[in-house]
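Please open the model in your viewer and keep the sequence panel beside it, so that each stop can be selected in turn.

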Amino acid sequence: MNAPFDRSSDLARALSEAAPSSLPSSLFGLPDQAPHERVLLAADEQTGLKAILAVHSTARGPAFGGCRFWSYDNELAALNDALRLSQGMSLKNALADLPFGGGKAVIIKPAGQFDRAALFAAFGRAVQSLDGAYITAEDVGTTTADMLGMQAHTQYVSGIPRAGAFGGDPSPKTAWGVFVSIEAGVRLHLQRASLDGVRVALQGLGAVGWHLAEFLHKAGAKLVVADVDAAKVARAQELFGAQAVSVHEILTADVDVLAPCALGAVLNLGSVPQIRAKLIAGAANNQLATAADGDALQARGILYLPDYLVNAGGIISVAREYRNEGEEQAVMAEVSRIAGRVEELLGRVKASGNTPARESDIWARSKLVKPA
């Protein structure tokens, strides 16, 4: 049997054989960003684990970010996702004023049958091998049960239900942060006093998207929804009176607000010219394919609220749980303060002339230092 956490020979082979144009510009990080401090390739032949644990920055404290469990086209795509997500966590945690740096993990979903509990146990041992440089939690494709099972193998995990104490699934907190950001954007950019009658397109009805739909419906918003799961769409139609469109039409729906709540890079060269919403605020990470796409949105009069600003509710929740200082009412109040950061960002944009995406990047980078 292989050593528990061998470097992946498959990834090395892919890097050596890939065409130059398909290679990441740097294995150490992303263009125009500080290099990653550490990237661990963890593989376990017995369980089928292939994971990438990316520690972008520990300037503010240990790197904290969730674990994504996904089927990738290839290992290079998984590596790129890990680098983008972990860098985004540095910015997210900094803007949220959390005493943590940025990190992220991705697990490449094995083909065929596999023992999920054993695989996540192996992943937990990989997390433990970093000696606290990285703390993990839920993300796309992972659950509270996965995190609970990892506790026997690592102490560096959060997002776990605890009897009589704050903790568990952070998705409602993520959704609440997006909701209060939409409220702020509607008020400041669309000049509307409330969400009553505001049309919102929701791309994705996963854990966060569904909670966001509940909040929006309760506030009187009119929902347009799309998801690959037809049952979720049908349920949204029944419970929220939502209008259903296909996953190919949701980005270009005739709405006031677009809320991407699926995967990243949906705002790109192809989609941006077709978007009809005047405000974009959603839970998905890395919504912009490139910074230039943020410029293009601004040129069209579309306000894009950066994802790592508005979707920080989840990391606030698991961070407070991890530090054993969480309490429902206090954490919800902390998440609600994201709305104030949206207002501050728009003030900074007005003063600087930058786009929201570029100004938030400057703002976040200025906070990538050890908290006072």
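The tour below moves from a pocket to a set of annotated residues, and then on to aromatic rings and one further residue.

Before selecting anything, keep in mind that this is a predicted model.

**The largest pocket**

Which residues lie nearest the centre of the largest pocket? Select Asp139, Val140, Val208, Cys261 and Ala262, which hold that position among the 44 residues of the lining. The space in this pocket comes to about 1000 Å³. To see where the lining comes from, colour strand S4 (67–70) together with helix H2 (75–95), helix H5 (171–188), helix H6 (207–218) and helix H10 (313–322), each of which supplies at least two lining residues. If you then colour the lining by residue type, you will find 20 nonpolar, 15 polar and nine charged residues.

**The annotated residues**

Next, select Gly204, Leu205, Gly206, Ala207, Val208 and Gly209, where an unreviewed UniProt entry places the feature "binding site". The lining of the largest pocket includes Gly204, Leu205, Gly206, Ala207, Val208 and Gly209.

Within this group, begin with leucine 205, which is found in the loop between strand S7 (199–203) and H6. Is leucine 205 buried or exposed? Its relative accessibility is 1%, so leucine 205 counts as buried. When neighbours within four places in sequence are left aside, leucine 205 is in contact with Trp210, Ala213, Val225, Ala226, Asp227, Lys232, Val233 and Ala236.

Now move to glycine 206, which is also found in the loop between S7 and H6. Glycine 206 has a relative accessibility of 26% and therefore counts as partly exposed. With neighbours within four places in sequence again left aside, its contacts are Asp227 and Lys232.

**Aromatic rings**

For the next stop, show the side chains of the aromatic residues, which form 10 aromatic pairs. One of the pairs to select is phenylalanine 179 with phenylalanine 215: the ring centres are 5.9 Å apart and the planes stand at 50°, so this pair is tilted. Because phenylalanine 179 lies in helix H5 and phenylalanine 215 in helix H6, the pair ties together parts that are 36 residues apart in sequence. Phenylalanine 179 counts as buried, at 5% relative accessibility, whereas phenylalanine 215, with a relative accessible area of 21%, is partly exposed.

Staying with helix H6, select tryptophan 210, which lies in that helix, and phenylalanine 240, which lies in helix H7 (residues 230–240).

To finish with the rings, select Phe69, Phe114, Phe120 and Phe123, which ring pairs link into a cluster.

**Aspartate 146**

The last stop is aspartate 146, which is found in helix H4 (residues 144–150).

Definitions and conventions:
Residues numbered from 1 in each chain as written. Predicted model: local features only at pLDDT ≥ 70, side-chain atom pairs only at ≥ 80, totals over all residues. Heavy atoms only, no water. 1 Å grid on protein atoms, 1.4 Å probe; cavity = no way out; pocket = protein on both sides within 12 Å on 5 of 7 lines; lining within 4 Å. Points joined across faces, edges and corners; volume = space filled by probe spheres on them. Helix = DSSP H or I, 4+ residues; strand = E, 2+ residues; numbered from the N terminus. Nonpolar A, V, L, I, M, F, W, Y, C, P; charged D, E, K, R; others polar. Phe/Tyr/Trp six-rings, centres within 6.5 Å; stacked < 30°, edge-to-face > 60°. Buried < 20%, exposed > 50% of the residue type's maximum accessible area, 1.4 Å probe, protein only. UniProt positions renumbered as here; feature names shortened; annotations may be inferred. Contact = heavy atoms within 4.5 Å.
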